[in-house]
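Biologist: I am new to this structure. Could you take me through it, one question at a time?

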Amino acid sequence: MATLRNLKIKTSTCKRIVKELRSYEKEVEKEAAKTADMKDKGADPYDLKQQENVLAESRMMVPDCHKRLETALADLKATLAELKEANEQGVEIGEAESTITEVEAVVKPTEE
């Protein structure tokens, strides 16, 4: 049975994963720039290899975050639908709907 408390938790989970995803995307950009800079400066091959490994690890986290976000979004939608069926009222429902819109904007570009 879905409750407003569960809805609030699932809404917060979606928001946290979006924040995490954006953080990983920034990290990938930063590490890619650092790797390119090291290549331009002719850094030691070992150091360059280590930096490329760091970049690869950061890149792997982005698809993982997308998967978790899609799962959390589906879970949030299901809980929201269940609460709407039961005619529940509260600010949590409005917050969940706006979060769904926000998350869908983040998820959609990767599906195309």
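Modeller: Let me begin with a definition: angles over 145 degrees between axes count as roughly antiparallel, and angles under 35 degrees as roughly parallel. Keep in mind that this is a predicted model.

Biologist: Are α1 and α2 roughly parallel or antiparallel to each other?
Modeller: Helix α1 covers residues 4-40, and helix α2 covers residues 45-85. Their axes come within 8 Å and cross at roughly 160°. An angle over 145 degrees falls in one class. The two helices are therefore roughly antiparallel.

Biologist: Is the crossing of α1 and α2 left-handed or right-handed?
Modeller: The axes of these two helices cross at roughly 160°. The handedness of the α1 and α2 crossing is left-handed.

Biologist: How many nonpolar residues does the contact of α1 with α2 have?
Modeller: Sort the residues of this contact by class. Seven are polar and 12 are charged. The nonpolar residues number 22.

Biologist: Is threonine 35 buried or exposed?
Modeller: Threonine 35 sits in helix α1. Residues under 20% relative accessible area count as buried. Threonine 35 has 4% relative accessibility, so it is buried.

Biologist: Which side chain makes a polar contact with the side chain of threonine 35?
Modeller: Set aside sequence neighbours within four places. Threonine 35 is then in contact with Leu48, Gln51, Glu52 and Leu55. The polar contact, at 3.5 Å, is with the side chain of glutamine 51.

Biologist: Which residues is glutamate 31 in contact with, leaving aside neighbours within four places in sequence?
Modeller: Glutamate 31 is also a residue of helix α1. With 9% relative accessibility, it counts as buried. Its contacts beyond those neighbours are Gln51, Val54, Leu55 and Ser58.

Biologist: What separates the C-alpha atoms of glutamate 27 and valine 62?
Modeller: Glutamate 27 belongs to helix α1. It is partly exposed, with a relative accessible area of 30%. Along the chain, glutamate 27 and valine 62 are 35 residues apart.

Biologist: How many Å apart in space are threonine 3 and lysine 49, C-alpha to C-alpha?
Modeller: Threonine 3 lies in the segment before α1. In sequence, threonine 3 and lysine 49 are 46 residues apart. Their C-alpha to C-alpha distance is 50 Å.

Biologist: Which backbone nitrogen does the side chain of threonine 3 reach?
Modeller: Threonine 3 is partly exposed, with a relative accessible area of 34%. Its side chain reaches a backbone nitrogen at 3.1 Å. That nitrogen belongs to asparagine 6.

Biologist: Where does asparagine 87 lie?
Modeller: Asparagine 87 counts as exposed, at 62% relative accessibility. Its place is the loop between α2 and α3.

Biologist: What is the phi of asparagine 87?
Modeller: Most residues other than glycine have a negative phi. Asparagine 87 is not a glycine, yet its phi is positive. The value is about 60°.

Definitions and conventions
Residues numbered from 1 in each chain as written. Predicted model: local features only at pLDDT ≥ 70, side-chain atom pairs only at ≥ 80, totals over all residues. Heavy atoms only, no water. Helix = DSSP H or I, 4+ residues; strand = E, 2+ residues; numbered from the N terminus. Buried < 20%, exposed > 50% of the residue type's maximum accessible area, 1.4 Å probe, protein only. Polar contact = N/O pair within 3.5 Å; in protein donor to acceptor, adjacent residues only side chain to side chain. Contact = heavy atoms within 4.5 Å. Axes fitted to C-alpha atoms, helices over the stretch in contact; angles between N-to-C directions. Parallel < 35°, antiparallel > 145°, perpendicular 65-115°, else oblique. Left-handed = near helix turned anticlockwise from the far one by under 90°. Nonpolar A, V, L, I, M, F, W, Y, C, P; charged D, E, K, R; others polar.
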